[in-house]
Structure formats: C-alpha cells, structure tokens
Amino acid sequence: MSRKRATNLVSSSGISAQARDSSGRVVLCRGKARPLWFGHPWVYANAVDRLDGEAAAGDIVSLVDHDGHFIGRGIFNPRSQIPVRLLTRKDEAIDAAFFIARLRDAQTLRTRLKLPNPDTTAYRLVNSEGDGLPGLVVDVFGDAAAVQVTTLGLALRREAIFDAVEATLSPRTIYEVAAGRYADLEGFVAQNRVVRGEARNLVPCLEDGLHFEAEPLVGQKTGMFLDQRPNRIRAGQLAGSGKGLRMLDCYAYAGGFGLQAARAGASEVTAVDSSPRAVARIEAHAAANGATVRAVEADAFRFLETATPMSYDLVVVDPPKFARARKDLEAATKGYERLNALALTACASGALLVTCSCSQNVSAQDFERIVAAAGKQAHREVRIVETGGPGGDHPLPPAFSEGQYLKVLFVYVG
Ligand code: SAH
C-alpha cells in the first residue's frame, strides 16, 4: 500500500466501540482481486485502493473489486497489514445466527472426520481461515472449549461467539485464551479466563485412547498442541512392537509422542522440555496412562549435546517456531540445521528421526534442505520415508498458503 492510501484508510476510521455492520465499502486496486476469487480470505494493505463510506476499526465492511463487483463481507482494521479478512462471500449480516451457522458447519466437517470419537475427545473445532472464520480458533478438550480471537472485529463480537460455542457443544466450561501480541497489534485486550460454566484449571481429554489433561488457563497455545495428533499416532505405529526401543522426545510439552512409544512397549522413554510446567504435565500424563517416562527439564540443545551418540532408536524434535519473521530465516535455518545434526548424532543406526518445523516462513523444500545439511554435518545417511502435517481438523483453503506452517519429516537414519 502506498503511504497515501494507508493514511487515507486510517484517518477515516477510529476504533469501533461496539460490533457494527458498517456501510463502508473497501475497493481493491485493479488486478488485485484474483486471489480472493480463488478463495484467499485476506486483503493486504497494498491491494486496497480506497474506502468508500464510513467504517471504523472492528466494523464489518463490504469488499468489491475495482469495477465494483461484490466479493464478500469481512472484518475491517486499517491498523493491520491485513485491513480486511473475509468472513463471507454472501451479502449477509454478521450476527449471532451467522456465528452459529459457521460453527455448525465446522462441526459437520469434524463429524465427517469422526471427531470426536470414543478414543479422541481433543480436537480443533474452528481453524480460523480454514473454517471461514479468520481470527478465531476453538479447541475442544473433552467437555470444555477454549476460544481464542486474534482480531479486534471478533473481539468485539466475543459474546456472540461464546453463545455459538454454547449452542453447538454445550460445554461444561468455556475458556478464553489470550491472543498475546495479536491483541496489541489489533488494539484490544484479552486475558486467559473462564467465560462460561465451571471454573477449573485442568480438563481431562483423550487422544487416541491416551489420557491427557489440558490446561487452557496457564498452558501453551490453547492448552495442547492438537495439530500434531496424526504425527504422534504415526510415531506410535512406527515404534512397532516397541521391544527394546529407546525413545527420545525433545520439546515434549504434554508428552504425547513419548506416550505413544511407551504404549507401543518402548523399553525406555525420555521426554525433554525446558518448561517446568510441561515436565510436571508429562509426569502426570505418564502416571495417568500407567507409563514410565523419564521427564527431564532441560534445554533440548544442551541435552542433545551431552547425549551419548547413537543411543536412541526413535527421536522426535518438535521445537517452537525458530523463524517468527522473514528476516529470521537465515538464523532459523542455522538453528534447525544444528538441532537436526545433534538429533541425528543421537540416533542409532537404523533409527527413525521425526523432525518438525512449525515456522510458516520455512517452506517444505527449505526444511528438506535443512535435513540434508544436517545429515552432512552429522556425517549420517538420511532418507525421508514419510511426510506429515496437521490433521484434518486444521483445514485450509487451497489458495491460502499463508496458513501452511507445520512440516513433519519421518527420516530413516543409516
Ligand atoms: N511435541 C509437543 C509440542 C511441542 S511445543 C506435543 O506433541 O505436544 C514446543 C515445546 O518446546 C514447548 O513445550 C516448550 O516448552 C518447549 N521448549 C521451548 N524451548 C525449549 C528449549 N530450548 N528446550 C526444550 N524445550 C523447549
């Protein structure tokens, strides 16, 4: 967006004090509508020609192409690099009925995927853009739901969203989970709190028959990392009969990868996390599942640096994002290479390494190159045997590559 346009948008708008459908109409620059016609839900600031009429930050606006063709309606925030996020392709009101309909749609998709089921009661009900609700995440843990909003427009409509969650699931507890830096960027306040129902810190839930307790009020993300479910299950399958298997789960959080291996019969499971709270959870989860897991509070790099070389048959590394922004890419690449080289050194001959990156800025191809470079550094032969990503309860529009972040490589180590 040129400076002039950005100023135009901001000066025409304050911050809305309430949830309003405005008469404002955002007009795109010529030639900028194409991704939106293909299902991309975001309008970047440099695609906006002008705002016709009035709209304040947090209002609903209509979006039209340069010739005035209606594209949809969405949330407006001129302070954002993404001033419009589309909520609908119809000319409809964004009201209580709208949120209920969207959540019911999201539930229909999960039902199609057999979520929840008797073995798995922890899943994502709403995955933001993938469920036509940019800026909203709803994670379900057993009989509780954790809601996170990341845009001012949805923050202004929180009560309608909680109502819709209640209408869809009738949960015993609804939590709001704070959006951290998104709230600052967008201009709203959010905190971790119980917004409806019974106040409790821990919520029991199941994943693939294993017992967990999510902690939406004090945990990381919304309480659990649900995106990794299929990869945890697959790692459990690849632990085979587990007999004699020595497993190392780095960046373990709730310990799900390690618990899968323990259930497969691994003779030794070590789970490493730098967070004392995560270590306490891992120990509790191991006890709840009758598993023996050695939970170690340590920095994963330090742990791997002092680990005995070639001493594990299954190693998982699932670190937090190394590349927060494009400018971090070089440092992040070095970090991933070093981490993977250390993990490969810890692998016995014939071991499997399950290596993950959740940096959106690191592409799938970048990540493969990183693993190749790590093999060179560690002087180990590496072959990719499988690839993984988030589960189907994290759907995405195909045109929305910005939503792709999680890459998992299952690597056979010679
Ligand atoms: N594998 C986990 C999710 C991992 S999320 C699962 O399946 O649930 C990333 C984890 O890395 C968090 O639990 C965080 O506490 C931990 N972490 C962050 N920095 C770390 C470090 N330097 N060393 C070890 N763990 C770290």
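Predicted model: local features only at pLDDT ≥ 70, side-chain atom pairs only at ≥ 80, totals over all residues.
Have the structure open and follow along.

**Helix H11 with helix H12**
- H11 covers residues 329-346, and its partner H12 covers residues 364-378.
- The two axes come within 8 Å of each other and cross at roughly 50°.

**Helix H3 with helix H5**
- Another pair to find is H3, residues 96-112, and H5, residues 158-169.
- Their axes are 9 Å apart, and the helices pack at an angle of about 45°.
- That angle makes H3 oblique to H5.
- As for handedness, H3 passes H5 in a right-handed crossing.

- If you follow the chain on from H3, you come to the loop between H3 and strand S7 (122-127), where Lys114 is found.
- Lys114 is not a glycine, although its phi is positive, at about 60°.
- Leu115 and Pro116 are joined by a cis peptide bond, with omega at about -5°.
- Pro116, like Lys114, belongs to the loop between H3 and S7.

**Around the ligand**
- There are 16 residues around the ligand, and those that come nearest are Gln220, Arg232, Asp273, Asp299 and Asp318.
- Sorted by class, the shell holds 9 nonpolar residues, 3 polar ones and 4 charged ones.

**Polar contacts and burial of the ligand**
- Arg232 has a side-chain N or O atom 2.7 Å from an oxygen atom of the ligand.
- For Asp273, the distance from a side-chain N or O atom to a ligand oxygen is 2.6 Å.
- Asp299 faces a nitrogen atom of the ligand instead, with a polar side-chain atom 2.7 Å from that nitrogen.
- The ligand would expose 580 Å² if taken alone, and the protein buries 88% of that area.

Key. Residues numbered from 1 in each chain as written. Heavy atoms only, no water. Near = heavy atom within 4 Å. Polar contact = N/O pair within 3.5 Å; in protein donor to acceptor, adjacent residues only side chain to side chain. Areas by Shrake-Rupley, 256 points an atom, 1.4 Å probe, with all protein chains shown as cover. Nonpolar A, V, L, I, M, F, W, Y, C, P; charged D, E, K, R; others polar. Axes fitted to C-alpha atoms, helices over the stretch in contact; angles between N-to-C directions. Helix = DSSP H or I, 4+ residues; strand = E, 2+ residues; numbered from the N terminus. Parallel < 35°, antiparallel > 145°, perpendicular 65-115°, else oblique. Left-handed = near helix turned anticlockwise from the far one by under 90°.
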